[in-house]
Amino acid sequence: MTAVADAAPTPASSPADSDLVRAARGLPVRRTPVWFMRQAGRSLPEYRALRAGTRMLEACQDPDLVTEITLQPVRRHGVDAAILFSDIVLPLVVAGVDIDIKPGVGPVIAQPVRTVADVDALPPLEPDRLAFLATAVRRLVAELGTTPLIGFAGAPFTLATYLIEGGPSKEHARTKAFMYAEPEAWGRLLDRLAVSAATFLTTQVDAGASAVQLFDSWAGVLSAADYAERVLPHSRAVFDALGDRDVPRIHFGVGTGELLPLIGDAGADVVGVDWRVPLDEAARRVGPQRSLQGNLDPAALLADRATVDREVRRVVQQGRAARGHVFNLGHGVLPETDPGVLTSVVDLVHELTTR
């Protein structure tokens, strides 16, 4: 059962006492916290207006834009957490890798990693290049008050897929072939990417982020055996690098139903679940020692209001099986989503779960 108390806790006095952090730790909550992956983005007209004329990777390195874009969905929807506006490949870009985000395509790598020499030539991410990030996080923490800010980074495997494939991929065949054929170089590549992701996250936490989420978007293309042997140790290294920084760790991937227990074993306090596995079943797979996040299908938000409400109620009910539940989508908000629907989802979850 979800951890709840007979008497609801008093209002949060700080982000560390917020419902997001409490749910992540399996503590009693005032109401189930809600936030949405990609809540700051193309579904919001104010975002599109602000981003006009500015390239994505430039916007992610501008503290003023990062601050404003991150705050937009908090103001509009009343969500219970902000997620740092960033991009999964940003640590690579800041380190010096030539990457462009092409509209309608995604990140495109000018010189993909295809050989052992390419792995060894990758530039490291130097912490002193992340001053813009620390500035943005400090500004956000000051603006958000008791609302927590979730730090953001891409997991080593997912970053490796972009580097090796040269861009987005459906099969990730080159990535897996390299993983099988060059195990030593593969290990070195993921070691380097783990250090990069850890540097990116620790910068955010040290500047005031109250939780972190590691996105392993494409880990679902792997078997459980390959994930456990060739990927999990590197994701664990990212979380381990946070040391004794007392922030909840959220770990999320797409199509990872068969990997859910392993994703938790990487060091997560909260396991993100996509829409393919019901939360009560996910709770059984993950076990009682971790909370869950998810998992409304983003496509459901394009349906009529009665259907949306029904699906929200189902997710809330199934989430009661977990130690703690953070309501979210099973992946990011689709660009064509009506922002008003997102606001109504937040209101309904709060109405259904207020203690």
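**View 1. The second largest pocket has a volume of about 220 Å³.** A pocket here is an open set of points, on a 1 Å grid over the protein atoms alone, where a 1.4 Å probe fits, with protein on both sides within 12 Å along at least five of seven lines. Its volume is the space filled by probe spheres set on the points, which are joined across faces, edges and corners. Lining residues have an atom within 4 Å of a point. The second largest pocket is lined by 13 residues; A12, D19, R30, R31 and D80 are the closest to its centre. Its lining divides into four nonpolar, five polar and four charged residues. Nonpolar means Ala, Val, Leu, Ile, Met, Phe, Trp, Tyr, Cys and Pro; charged means Asp, Glu, Lys and Arg; the others, Gly among them, are polar.

The model is predicted: local features need pLDDT of at least 70, side-chain atom pairs count only at pLDDT 80 or more, and totals for chains, interfaces and linings use all residues. Residues are numbered from 1 along each chain as its sequence is written, and side-chain values use heavy atoms, with hydrogens and water left out.

**View 2. The largest pocket has a volume of about 1,300 Å³.** Its lining holds 42 residues. R38, R42, M56, D87 and I101 lie nearest the centre. The lining splits into 23 nonpolar, eleven polar and eight charged residues.

**View 3. Helices and strands contribute to the lining of the largest pocket.** α2 (45-51), α3 (56-59), β2 (99-102) and β3 (106-109) each supply at least two residues. Helices (H or I, at least four residues) and strands (E, at least two) are DSSP runs, numbered from the N terminus.
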